[in-house]
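Student: I've got a model open and want to talk through how its two parts meet. Can you take me through the terms as we go?

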Amino acid sequence: MAFELPKLPYGESDLQPVISSQTIGFHYGKHHKAYVDNLNKLVDGTPMAGQSLEEIIKSTAGQADKSGIFNNAAQVWNHTFYWNCLKPKGGGKPSSALLGKIQSDFGDFENFKKEMVNAALTQFGSGWAWLVADAGRLKIVKTPNAEVPFTKGQKCLFTIDVWEHAYYLDYQNRRADYVNAVFDQLTNWDFIEKNLG
Ligand code: MN
């Protein structure tokens, strides 16, 4: 098969109590896996089977007749990225270099958090909240469904999945509690800094 489900960077119960092993079991083991399986079926026997995930996402973005391939490819990428944005005993604050950039582009760390949480809470329906670098400047954006900011030239640094499958087993309708807990306790600042380059 062209694409494989990447291994989780931690154990399925390691994000507890913020994200339960039951949620990871469904979210990673069923949803993420289904996107990989669907993508493999859709590209099997086509030139896309030999392309990278990023190439497929960029070449199918915005094309109505390729939406099935785009949605599954982008969701494979988004979920792999999301898992890496989290880590057990994460949260806190980034190193002084990234913290300085956050203060320069958002005023202060608290305002940055407020904007990220607000994007996550105001994304209507399924989607993602992101920290991106856009022409060197840090920005908060949100995307619906499978959409991913790098198709618009923005560098992805950090994301929080706000599809209901990401939090409903643990938080039901309390999306704000999920988003705040993830931000405060699971954010993997080392990964985010690495993405900034
Ligand atoms: Mn998800």
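Student: What makes about 1900 Å² the area buried between domain 1 and domain 2?

Tutor: Buried area is the accessible area, taken with a 1.4 Å probe, that two parts lose on being put together, summed over both. Here that loss comes to about 1900 Å², and carbon and sulfur atoms give 70% of it. On the domain 1 side, Phe81, Tyr82 and Cys85 lose the most area, together 31% of what that side buries. Bear in mind that this is a predicted model: local features need pLDDT of at least 70, side-chain atom pairs count only at pLDDT 80 or more, and totals for chains, interfaces and linings use all residues. Residues are numbered from 1 along each chain as its sequence is written, and side-chain values use heavy atoms, with hydrogens and water left out.

Student: Where do the two domains run?

Tutor: Domain 1 is 21–85 and domain 2 is 96–196; such bounds come from an automatic or database domain assignment. Their C-alpha centres lie 20 Å apart. Counting contact as heavy atoms within 4.5 Å, domain 1 puts in 21 residues and domain 2 puts in 25.
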